Amino acid sequence: MPFVFVEPHAAHEDPLQAELALLDAAAQGSEVAHLWEAPVSLVVPRSYLRYPKFEAARDSFARRGCPVWLRMSGGGMVPQGPGILNLSLAYRVDGPPGALSEAVYLHLCEVVGGALRMLDVDSHWQAVEGSFCDGRFNLAWGPPEQARKIAGTAQYWRRAPAAVQAPDGQRHVVLAHAVLLVSADPVSITQRANDFEAEADTGRHYDADKVVSVQQAMNAADDDQAGLAQRVLEALRASVAASAPPRA
């Protein structure tokens, strides 16, 4: 069954609401995909709630027009805004998270990496120390020793409802999410992330030289951001359409 692109019915800008809508659709047996761009904001895992200064920093940034949203998956902070494209995939799997989590990441990397190949941008998965929300399954551009992060990935698992549960109780719904830097300026988005981390007193700091946009990797003209965004969108749609999610 191919992925079906949907627009989750959510009246809120909060990406958590869209994630819940995708998971609900997947729980009923659909394999759904969502491509979206968020307004200027920051998204952090719920683990940030442990920092005593988090809520004060969150209120401060909201007053400046940069809301800070909580998400269900783990990892670190992710800047959002124009020039940053998000891909969310949701589907059911039969098996425990520990057995399939790597397959979920590899599938997502292949989908996004396949789209980048259509644009003549080579990528591979690896950690990029110093980038925001660093992880083993980043997509990186450039030779491994000089690689820069071009996309980040995350996943969240939820047990399937009782009405559709497998006999062994191991049916889950998974949300796989990628954040692709299309034309956003690495310097400005990294600075925004660093400003929040400093205000929230988390002790985290990121290096803008460790991330790169598709526009930079392609050496594309600055005045054709709309055209580039459309090309990336079409490539991602084609790559998703040609893929099948991992199975048990």
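Strand E3 (residues 41-45) and strand E5 (residues 78-80) pair in the antiparallel sense over 3 bridges; strands pair if DSSP finds at least two bridges between them. This is a predicted model, in which local features need pLDDT of at least 70 and side-chain atom pairs count only at pLDDT 80 or more, while totals for chains, interfaces and linings use all residues. Residues are numbered from 1 along each chain as its sequence is written, and side-chain values use heavy atoms, leaving out hydrogens and water. Helices (H or I, at least four residues) and strands (E, at least two) are DSSP runs, numbered from the N terminus. Here is a tour, topic by topic.

- E3 is mostly covered, with 5 of its 5 residues buried (buried means under 20% relative accessible area, exposed over 50%, partly exposed in between, with a 1.4 Å probe and protein chains only).
- Both faces of E3 are covered: Ser 41, Val 43 and Pro 45 are buried on one side, and Leu 42 and Val 44 on the other.

**The seven-stranded sheet**

- An open sheet of 7 strands has the order E1-E2-E6-E10-E9-E8-E7, with mixed pairing.
- Its edge strands are strand E1 (4-5) and E7, each of which pairs on one side only.
- E8 and E9 run antiparallel and are joined by 3 bridges.
- Across from Ala 140 stands Lys 149 in E9.

**Nonpolar cores**

- A nonpolar core is a set of buried Ala, Val, Leu, Ile, Met, Phe, Trp, Tyr and Cys residues joined through side-chain atoms within 4.5 Å.
- The largest core holds 36 residues, of which Leu 87, Leu 89, Val 112, Ile 150, Leu 180, Val 232 and Leu 236 touch the most other members.
- At least two residues of this core come from each of strand E2 (32-36), strand E6 (84-94), H3, strand E9 (148-159), strand E10 (171-181), H5 and helix H6 (225-241).
- H3 gives the largest share of this core, 8 residues.
- Not counting residues up to four places away in sequence, Ile 150 touches several residues, among them Leu 116, Val 121, Leu 139, Leu 180 and Val 214; contact means heavy atoms within 4.5 Å.
- A second, separate core of 24 residues includes Tyr 48, Val 179, Phe 196 and Tyr 206.

**Aromatic rings**

- The structure holds 8 aromatic pairs. Rings of Phe, Tyr and Trp (its six-membered ring) pair if their centres lie within 6.5 Å; planes under 30 degrees apart count as stacked, over 60 as edge-to-face and the rest as tilted.
- One of the pairs is Tyr 105 with Phe 137, which is stacked at 4.8 Å centre to centre and 10° between the planes.
- This pair links distant parts of the chain, 32 residues apart: Tyr 105 is in helix H3 (residues 97-118), and Phe 137 is in the loop between strand E7 (124-125) and strand E8 (139-141).
- Phe 137 is buried, because its relative accessible area is 7%.
- Trp 125 and Phe 137 form a tilted pair, because their ring centres are 4.8 Å apart and their planes are at 35°.
- Trp 125 lies in strand E7 and Phe 137 in the loop between E7 and E8, so the pair ties together parts 12 residues apart in sequence.
- With a relative accessible area of 37%, Trp 125 is partly exposed.
- Tyr 48, Tyr 51, Phe 54, Phe 61 and Phe 196 are linked by ring pairs into a cluster.

**Charges over rings**

- A charge sits over a ring if NZ of Lys or CZ of Arg is within 6 Å of the ring centre and within 35 degrees of the ring normal.
- Arg 64 lies over the face of Phe 61, at 4.3 Å from the ring centre.
- Arg 237 lies over the face of Phe 5, at 4.3 Å from the ring centre.

**Thr 202**

- Thr 202 sits in the loop between helix H4 (186-200) and helix H5 (214-218).
- Thr 202 counts as buried because its relative accessibility is 12%.
- The side chains of Thr 202 and Glu 197 are joined by a polar contact of 2.5 Å. A polar contact is a pair of N or O atoms within 3.5 Å; within protein, one must be able to donate a hydrogen and the other to accept it, and residues adjacent in sequence count only if both atoms are side-chain atoms.
- A polar atom of the Thr 202 side chain also lies 3.2 Å from the backbone nitrogen of Arg 204.
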